[in-house]
Amino acid sequence: MLPLTIEALRASFVNASRRELADMTVPDLDAVAWDDLTYFGWRDPKTARRASAVIPTLEGDLVGILFRQAEASPRSRAQCSWCQDVRLPNDVVFYAAKRSGSSGRKGNTVGTLVCQDFQCSRNVRRTPPPAYEGYDVEAARLRRMEDLQVRVAAFAAEV
């Protein structure tokens, strides 16, 4: 992912009001390892259950999404819809996002199960275990990274 400026980050949000953008806490962008990310996601330390993600589309545009975490947790161990890692070292939660435009103003939302702290980029970059003799683990890792990009871009298109 290409490095973001605070201005580009705030301008990318499609489902946040001006007030929500003004209240948003953005992490230190200079400390982010951009080369290791497929998308940039973070939890807002000021507001419980609020999170944000900036997702590059397949065309290269940026789509910022404001999320609200569900109060209830999944009853059993859930699989992240984005990274689909079966050996998750982290929790998965349900996030909902208002749709953009008039649909979102009417209260319509879209939701997904995602790694709680948006660790998907790190999860897909881990070397998978070999499935069989001669299995190309590096090709599998690259395919997982590409699949993550397609899934997050598809979710961004839904918002």
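User: How much space lies in the largest pocket?
Analyst: About 260 Å³. This is a predicted model, where local features need pLDDT of at least 70, side-chain atom pairs count only at pLDDT 80 or more, and totals for chains, interfaces and linings use all residues. Residues are numbered from 1 along each chain as its sequence is written, and side-chain values use heavy atoms, with hydrogens and water left out.

User: What's a pocket here?
Analyst: On a 1 Å grid over the protein atoms alone, a pocket is an open set of points where a 1.4 Å probe fits, with protein on both sides within 12 Å along at least five of seven lines. Lining residues have an atom within 4 Å of a point. Volume is the space filled by probe spheres set on the points, which are joined across faces, edges and corners.

User: Which residues are closest to the centre of the largest one?
Analyst: Val32, Ala33, Leu37, Phe40 and Gly41, out of 15 lining residues. Strand 1 (40-43) and helix 4 (120-125) each give two or more residues to the lining. Strand 1 has the largest share, with 3 residues. Helices (H or I, at least four residues) and strands (E, at least two) are DSSP runs, numbered from the N terminus.

User: And by class, what is the lining?
Analyst: It divides into 9 nonpolar, 3 polar and 3 charged residues. Nonpolar covers Ala, Val, Leu, Ile, Met, Phe, Trp, Tyr, Cys and Pro; charged covers Asp, Glu, Lys and Arg; the others, Gly among them, are polar.

User: What about the second largest pocket?
Analyst: About 160 Å³ of space lies there. Its lining has 4 nonpolar, 1 polar and 5 charged residues. Arg87, Arg144, Asp147 and Arg151 are among them.

User: Asp147: where does it lie?
Analyst: In helix 5, which spans 137-158. Asp147 is partly exposed, at 32% relative accessibility. The cut-offs: buried is under 20% relative accessible area, exposed over 50%, partly exposed in between (1.4 Å probe, protein chains only).

User: Switching to the core. How many residues has the largest nonpolar one?
Analyst: 27. Those with the most contacts inside it include Tyr39, Phe67, Trp82 and Phe118. A nonpolar core joins buried Ala, Val, Leu, Ile, Met, Phe, Trp, Tyr and Cys residues through side-chain atoms within 4.5 Å. Apart from it lies another core of 16 residues, among them Phe13, Trp34, Phe40 and Val54.

User: What does Trp82 touch?
Analyst: Leaving out residues up to four places away in sequence, its contacts (heavy atoms within 4.5 Å) include Tyr39, Phe67, Phe118, Arg151 and Phe155. Trp82 also belongs to one aromatic cluster with Tyr39, Phe67, Tyr95, Phe118 and Phe155.

User: How many aromatic pairs?
Analyst: 13. Rings of Phe, Tyr and Trp (its six-membered ring) pair if their centres lie within 6.5 Å; planes under 30 degrees apart are stacked, over 60 edge-to-face, the rest tilted. Phe13 and Trp42 are edge-to-face, at 6.5 Å and 85 degrees. They sit 29 residues apart, with Phe13 in the loop between helix 1 (6-11) and helix 2 (18-23) and Trp42 in strand 1. Both are buried.

User: Why is the Trp34 and Phe40 pair called tilted?
Analyst: Because their planes are at 55 degrees, with ring centres 5.0 Å apart. Trp34 is buried at 8% relative accessibility, and Phe40 is buried at 6%.

User: Last one: is Thr57 buried or exposed?
Analyst: Buried, with a relative accessible area of 15%. Thr57 is in the loop between strand 2 and strand 3, and touches Val63, Gln149 and Ala153, not counting residues up to four places away in sequence.
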